[in-house]
Protein chains: 4
Amino acid sequence: MIVEISFVPIGVGTSLSHYIAKVINYIEKSGLKYQLTPMGTIIEAEWNEISSFIDYSHNLIFQMGVERIITNIKIDYRLDKKSSMQDKIDSVKKKRVEVDV
Amino acid sequence: MIVEISFVPIGVGTSLSHYIAKVINYIEKSGLKYQLTPMGTIIEAEWNEISSFIDYSHNLIFQMGVERIITNIKIDYRLDKKSSMQDKIDSVKKKRVEVDV
Amino acid sequence: MIVEISFVPIGVGTSLSHYIAKVINYIEKSGLKYQLTPMGTIIEAEWNEISSFIDYSHNLIFQMGVERIITNIKIDYRLDKKSSMQDKIDSVKKKRVEVDV
Amino acid sequence: MIVEISFVPIGVGTSLSHYIAKVINYIEKSGLKYQLTPMGTIIEAEWNEISSFIDYSHNLIFQMGVERIITNIKIDYRLDKKSSMQDKIDSVKKKRVEVDV
């Protein structure tokens, strides 16, 4: 499945990038396939891996002194075909020549 | 933690309520504390329970013939105080008399 | 359309209910049909009303001294049938007797 | 503000890329600054521009024969500093060397 996750630490100032950096360092070491976007982190993995990642990331952020986190997760889970992060982008790009505005 | 979840079965018509009904029947039997809203299901539980619920619900929906599901999850996870679903509503209601528009 | 909105003021402590109370007081005065849930506010209105509400609410929260807001919005927009907030809940409840877990 | 939007056409099959392609063609012509990700479209603009884009996109998708759309929007709105889509990515990358896992 493909999953987008964004962690929002609450009550620790308006700059949140060092918390996200910590999570990204962790995911990099985990070997999971991911992409950082301006609004979240997109991961391609199985649910048990995603679930553990979310759990671990919450703990990482709490250990940095945060007391509340609001986390948004969007899952795209399909059985009809295997579609990677890049496939999804390519599919939209290919269709752009077929449709007009 | 308090978590809002909405499952969106893709490609199976515009009426989705029987898929959600299946999930709600399951959560009712699970004994988890939950609330159905017009836009999702809110659950109060630990992450391992939430994670299993999501996994099981995806399987339930796939077994009904769905081939793609888009799922949105919002987690409110706080260590500073224990706050139930009802506490959150009560807290806003109580503050309404203190602030003016 | 039916829309769920949650405003998350960033960097102003972990207690956010008085900001939400301000927004709820405003929506109450606006006469829009709404429902407060533990995870957001659900509104039934046209897009131009929703859009103005979002804009005004951001300003209300900024005026309370907040410098960053992260806002999540989920829109359910259908042309095939008129479905109110209560209809959606009723539809799931009715289907629960037809499906088994 | 920076806004991530994902439109999910309901009940029209599991392949959604040609609907998204239509929206991307429109945004390209509009001149708005945007980035396509595997999970949505990120736009940097003012609320009135974003709001019009959402409204117009819903109409575009309905005109393609869709009868229900579920749309998710995440807004990052800050007054404390000007931060572009690229700034957000760069900020996380820069912080990665300062934090360890």
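Is His18(A) buried, exposed or partly exposed? His18(A) is partly exposed, because 18 other C-beta atoms lie within 10 Å. The cut-offs are these: a residue is buried if 20 or more other C-beta atoms lie within 10 Å of its own, exposed if 12 or fewer, and partly exposed in between, with C-beta atoms placed from the backbone.

This is a predicted model, in which local features need pLDDT of at least 70, side-chain atom pairs count only at pLDDT 80 or more, and totals for chains, interfaces and linings use all residues. Residues are numbered from 1 along each chain as its sequence is written, while chains are lettered from A and ligands numbered from 1 in the order in which they are written.

His18(A) sits in helix α1 (residues 17–30) of chain A. Helices (H or I, at least four residues) and strands (E, at least two) are DSSP runs, numbered from the N terminus. Leaving aside neighbours within four places in sequence, His18(A) is in contact with Lys95(D), Glu98(D) and Val99(D). Contact here means that the C-beta atoms of two residues, placed from the backbone, lie within 7 Å. Within chain A, the C-alpha atoms of His18(A) and Ile61(A) are separated by 9.7 Å. These two residues are 43 apart along the chain.

Now take chain A as a whole. Its secondary structure comes to three helices and four strands. Along the sequence the pattern reads β-α-β-β-α-β-α. The C-alpha atoms of chain A fill a box of roughly 50 × 30 × 20 Å, taken along the principal axes. Of the 101 residues in chain A, 48% are buried. Consider the contacts in chain A between residues at least 6 apart in sequence: 68% of them join residues at least 24 apart.

Between the two chains, 34 residues of chain D and 33 residues of chain A take part in the contact. On chain D, at least two residues each come from β1 (2–9), α1 (17–30), β2 (33–37), β4 (68–78) and α3 (85–96). The largest share of this side is that of α1(D), with nine residues. By class, the side of chain D that touches chain A has 14 nonpolar, eight polar and 12 charged residues. Ala, Val, Leu, Ile, Met, Phe, Trp, Tyr, Cys and Pro count as nonpolar, Asp, Glu, Lys and Arg as charged, and the others, Gly among them, as polar.

Chains B and C also meet. Their contact takes 33 residues from chain B and 34 residues from chain C. On the chain B side, α1(B) gives the most, with nine residues. That side divides into 14 nonpolar, seven polar and 12 charged residues.

How are chains B and C related? A rotation of 180° with 0.0 Å of shift along its axis superposes chain B on chain C, with an RMSD of 0.0 Å. That is the relation of a two-fold axis. Copies are superposed by least squares on the C-alpha atoms of residues with pLDDT of at least 70 in both. In chain B, the C-alpha nearest the axis belongs to Thr37(B), 3.8 Å from it. The same surface serves both copies, as 100% of the contact residues of chain B recur in chain C.

Next, look at strand β1 (residues 2–9) of chain C. Eight of its eight residues are buried, so β1(C) is largely enclosed by the rest of the structure. In a regular strand the side chains alternate between the two faces of the sheet. Both faces of β1(C) are covered. Ile2(C), Glu4(C), Ser6(C) and Val8(C) lie on one side, with Val3(C), Ile5(C), Phe7(C) and Pro9(C) on the other. β1(C) pairs in the antiparallel sense with strand β3 (residues 40–44) of chain C, over four bridges. Two strands pair if DSSP finds at least two bridges between them. Ile2(C) stands opposite Glu44(C) in β3(C). Eight bridges join β1(C) to strand β4 (residues 68–78) of chain C, also antiparallel. There, Ile5(C) has Ile73(C) as its bridge partner.

Last comes helix α2 (residues 47–63) of chain D. At 1.5 Å a residue, its 17 residues should span 24 Å, and its end C-alpha atoms are 24 Å apart, which agrees. The expected span is 1.5 Å times one less than the number of residues. Among the buried residues of α2(D) are Ile50(D), Phe53(D), Ile54(D) and Ile61(D). Seen down the axis of α2(D), the buried residues fall within an arc of 160°, so they line one face of the helix. The arc is that of the directions from the helix axis to the C-beta atoms. On the other side of α2(D), Asn48(D), Asn59(D) and Gln63(D) are exposed. Just after α2(D), Gly65(D) takes a positive phi of about 100°.
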